[in-house]
Amino acid sequence: MTTEYRRLRVALLGAGAVGSQVADLLLRHGDELADRAGASLELAGIAVRNLDAPRDVDLPKELFTTDAESLILGSDIVIELIGGIEPARTSILQAIGSGADVVTANKALLATHGPELFEAADRVGASVYYEAAAAGAIPIIRPLRDSLAGDRVVRIMGIVNGTTNYILDRMDTEGADFADVLADAQRLGYAEADPTADVEGYDAAQKAAILASLAFHTAVPLDAVYREGITSITASMIDEARAAGFVIKLLAVCERIEANGAESISVRVYPALVPKTHPLASVHGANNAVFVEAEAAGSLMFYGAGAGGVQTASAVLGDVVSAARRHIAGGVGVGESTRANLPVVPIGHVTTRYQITLEVSDAPGVLATVAGILSDGDVSVATVVQTVEGEGEPTARLVIGTHRATDAALSATVDALADSSVVERVVSVLRVEGE
């Protein structure tokens, strides 16, 4: 006996690597998805800029249109996979205004215009779903929004960019140079021809803003996220990290801290030293992982593919099923909670440890001078490793591990070291996370 389901029209905006996979899965697994959603999901059309552009998947030509607005206004669920800010923002607002639910993977748009989109959806009782926007196929949005809603998230550390993890992992396991691995990543499709968004940390910063907003029920503007990339990471820094028992990972860190006598949050992205014993240290290749610490639930880790067309399509279709179920059940959409309204403070308030690598003159009294500068900055030394390099007028290389101090104190101390007559060069400065 065939079950008769209510029909819901689904509009797809964009048919790139993810969009074409979403369309293919909707068409091939429509009956299964209908059974799960309790509604027949009809792919009403696919809006694209160029009807004749090559696609990753062979899809029916009659589904394609350049008239996105008409498609949106005639649909119950709109999937936005265009990317970027415009026309994605305008299209989503059109969809919400027409009463449709929206599914998006657009991290850049959510990080910059998320509050506007959520407020628009709240006004009409619609929902915006975005599981694929933060960590690809990894389910992290629903756990933060729903499963941990009754708990108090204290800290999130995430490897949320597959390109940078692939690069750093190969540098660590093979001793390869940054430029060589980046070229391989571009050849394999892990990195774009212009890799700036990945290697300079912009992509991870957008995802950090999304995760922090959810975890701490606070709207986190993108410009409040501290950001550093990985372009300065060298093979020697990887070696020094390994010798000290660490691996280097580009981390998105979101945590509750005390600042100015009030509970606040810090959101930051930078390459960090992670102890080899920490679960994030074993995340290899282009995989992603998000490590969550909550007061009651304790430590939780979500691991898997952070990118890829079919993998990300899995998360998108999960949201489509959720949106369909909401349509069938009726009622208003699920709103976003930002009522905590915690202040987002600059990185100077964060307490952490540093590993500082210096080139200094190999002369008597240099180590004492360096120790004095650290002491003057209220930064205490945990470890020192010294090696001598060069001939004739040799230099010494100092790798200094500090105890915990505020980032402001540590940064000022590094500046003082750089200005010292005994320090020839500050080679590198890395923060330690996950201890």
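Tutor: In this predicted model, E263 and R256 form a salt bridge in which the closest N and O atoms are 3.2 Å apart. E263 is partly exposed, because its relative accessibility of 30% falls between the limits of 20% for buried and 50% for exposed. R256, with a relative accessible area of 17%, is buried.

A further salt bridge joins E435 to R353, with the closest N and O atoms 2.7 Å apart. This pair links distant parts of the chain, 82 residues apart: E435 belongs to the segment after strand 17 (423–432), and R353 to strand 13 (residues 351–361). E435 counts as exposed at 62% relative accessibility, whereas R353 counts as buried at 15%.

The side chains of E255 and R155 also meet in a salt bridge, at 2.5 Å from N to O. E255 is part of strand 9 (residues 246–259) and R155 of strand 7 (residues 153–159), so the pair ties together parts that are 100 residues apart in sequence. E255 has a relative accessibility of 11% and counts as buried; R155, at 11%, counts as buried as well. Both residues belong to one network, in which salt bridges with shared partners join R155, E255, R268, E293 and E433. A search of the whole structure finds 31 salt bridges. In general terms, side chains of opposite charge can pair when their charged atoms come close.

The largest nonpolar core has 76 residues, and I140 and L144 have the most contacts inside it. Helix 11 (residues 202–216) gives the most to this core, with 10 residues. Apart from this core lies another, of 34 residues, including L33, A37, L59 and V316. Leaving out residues up to four places away in sequence, L144 touches A149, V153, I156, L211, L214, A215 and V292.

On the surface, by contrast, L367, V381 and V384 form a nonpolar patch with about 210 Å² of accessible area together. V381 lies in strand 14 (residues 381–389) and is partly exposed, with a relative accessible area of 32%.

Methods. Residues numbered from 1 in each chain as written. Predicted model: local features only at pLDDT ≥ 70, side-chain atom pairs only at ≥ 80, totals over all residues. Heavy atoms only, no water. Patch = residues over 30% accessible without salt bridge, like charges linked within 9 Å, V, L, I, M, F, W, Y side chains within 5 Å. Areas by Shrake-Rupley, 256 points an atom, 1.4 Å probe, with all protein chains shown as cover. Salt bridge = Lys/Arg side-chain N within 4 Å of Asp/Glu carboxyl O. Helix = DSSP H or I, 4+ residues; strand = E, 2+ residues; numbered from the N terminus. Buried < 20%, exposed > 50% of the residue type's maximum accessible area, 1.4 Å probe, protein only. Core = buried A, V, L, I, M, F, W, Y, C linked by side-chain atoms within 4.5 Å. Contact = heavy atoms within 4.5 Å.
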